[in-house]
Amino acid sequence: MTATELPSAPPAGPIAAFTARFNPRLLAAAGGLCIALSSVFIKVSGASGATSSFWRCLFALPVLAVLARTEARRTGVRTKVVPPLLAGLGLGLDFVLWGEAIPRVGAGIATVLLAVQVVIVPVLAFLFLTERPDRRFLVTAPVLIAGIVLAGGFIGATMTGPDPLLGALAALAAGAGYSVYLLLIRLSSGPSTQVRSLLLATLSAGAVAVALGVPFGRLDFAPGWPALGWLVALSLIGQVAGWLLIAGALPRMPSATGAALMLLQPVGAVVFGIVLLGEQPSVLQLVGCAVVLAAVCFAGRGARR
């Protein structure tokens, strides 16, 4: 095979091409902090989980649609449709339940509890993709679960919300939904289709918010100001900017570095919750947060992908 016959990599989309100009560590750090602010925006908006999920998706769709059209023209690569839509079902469940958890257990703790996906994703990958988990996972899983029990307030007194136990359970269920999203989006997205995959997943997630919010009266189609302003910030900063920055950064870094930088999300959420919202996690909860973060970091160092 001559040099001219060598297969070439698919062309990168506009976001991947733009983010390639910058240091991926800075991009990942910025994206992580953007997502960490999401829990703050949700709590100060006072919106329910279904309301915050619906509006964050609705405001993100026009921006993603423009970027997706540019991506399609630039790359010429067709995107898969069904897997991102199915992934969006898990993402929508994550959005709604996480939004319900934040006012009950606190913005920071609710974000830390999403780390349960570190356990769930390898299990799903083993069940459906026959990927055997490594030894680090077997060591990390029980430690992570112990940290989640402490961080969630299942032991001792908590001071981060009016109903911390229900909030912790909702956050853990949200982490399960997020795990489904991560697994399916991994199978359907790449540098040439990442914006279109996110667009389809966001569309599906918004539909989940309607399906879960309307029957139970939890979806407000007219939240009014200033709640709507906070939800605009949630959509553009936490949804569009944060996720696209991370999507452009992670493929260009070693997995250990990426896993460590992703810890800025829960750490940032805890710090923002204390500084901006006046949350006061108990000592046991802070210990649990530290255990969770250490376990996630340890697991990430052993990940090959």
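Helix H2 (residues 24-45) and H10 pack with their axes 8 Å apart, at an angle of about 155 degrees. That makes H2 roughly antiparallel to H10, and the crossing of the two is left-handed. Axes here are lines fitted to C-alpha atoms, for helices over the stretch in contact, with angles running from 0 to 180 degrees between N-to-C directions. Angles under 35 degrees count as roughly parallel, over 145 as roughly antiparallel, 65 to 115 as roughly perpendicular, and the rest as oblique. As for handedness, a crossing is left-handed if the near helix is turned anticlockwise from the far one by less than a right angle, and right-handed if clockwise.

A word on the model itself: it is predicted, so local features need pLDDT of at least 70 and side-chain atom pairs count only at pLDDT 80 or more, while totals for chains, interfaces and linings use all residues. Residues are numbered from 1 along each chain as its sequence is written, and side-chain values use heavy atoms, with hydrogens and water left out.

The protein chain has 13 helices and 0 strands, and from the N terminus on its elements run α-α-α-α-α-α-α-α-α-α-α-α-α. Helices (H or I, at least four residues) and strands (E, at least two) are DSSP runs, numbered from the N terminus. Of the 305 residues in the chain, 50% count as buried. Buried means under 20% relative accessible area, exposed means over 50%, and partly exposed is in between (1.4 Å probe, protein chains only).

Back in H2, Gly31 sits within the helix and counts as buried, at 0% relative accessibility. From C-alpha to C-alpha, Gly31 and Ile237 are 8.8 Å apart in space, although 206 residues separate them in sequence.

Next come the charged contacts. The structure holds 4 salt bridges, a salt bridge being a side-chain nitrogen of Lys or Arg within 4 Å of a carboxyl oxygen of Asp or Glu. One of them joins Lys43 and Glu279, with the closest N and O atoms 2.8 Å apart. Lys43 lies in helix H2 and Glu279 in the loop between H12 and helix H13 (283-301), so the pair ties together parts that are 236 residues apart in sequence. Lys43 is partly exposed, with a relative accessible area of 27%, whereas Glu279 counts as buried at 7%.

Arg196 makes a salt bridge with Glu71, and here the closest N and O atoms are 2.7 Å apart. With Arg196 in helix H9 and Glu71 in helix H3, the pair ties together parts that are 125 residues apart in sequence. Both ends are tucked away: Arg196 is buried at 10% relative accessible area, and Glu71 counts as buried at 1%.

Arg218 pairs with Glu100 in a salt bridge too, the closest N and O atoms being 2.9 Å apart. Arg218 lies in the loop between H9 and H10 and Glu100 in helix H4, so this pair ties together parts that are 118 residues apart in sequence. Arg218 counts as partly exposed at 37% relative accessibility, while Glu100 is buried at 13%. Glu100 and Arg218 also belong to a network of salt bridges that includes Arg104.

The loop between helix H9 (194-213) and helix H10 (227-249) also holds Pro226. The peptide bond from Trp225 to Pro226 is cis, with omega near 5 degrees. For context, most peptide bonds are trans.

Finally, the surface carries a nonpolar patch formed by Val267, Val271, Ile274, Val275, Leu276 and Leu286, with about 490 Å² of accessible area together. Patches are made of residues with over 30% relative accessible area and no salt bridge, with like charges joined within 9 Å and nonpolar side chains (Val, Leu, Ile, Met, Phe, Trp, Tyr) within 5 Å. Accessible areas come from the Shrake-Rupley method with a 1.4 Å probe, and for residues only the protein chains shown count as cover. Helix H12 (residues 264-277) supplies the largest share of the patch, 5 residues. Val275 is found in H12 and counts as exposed, at 62% relative accessibility.
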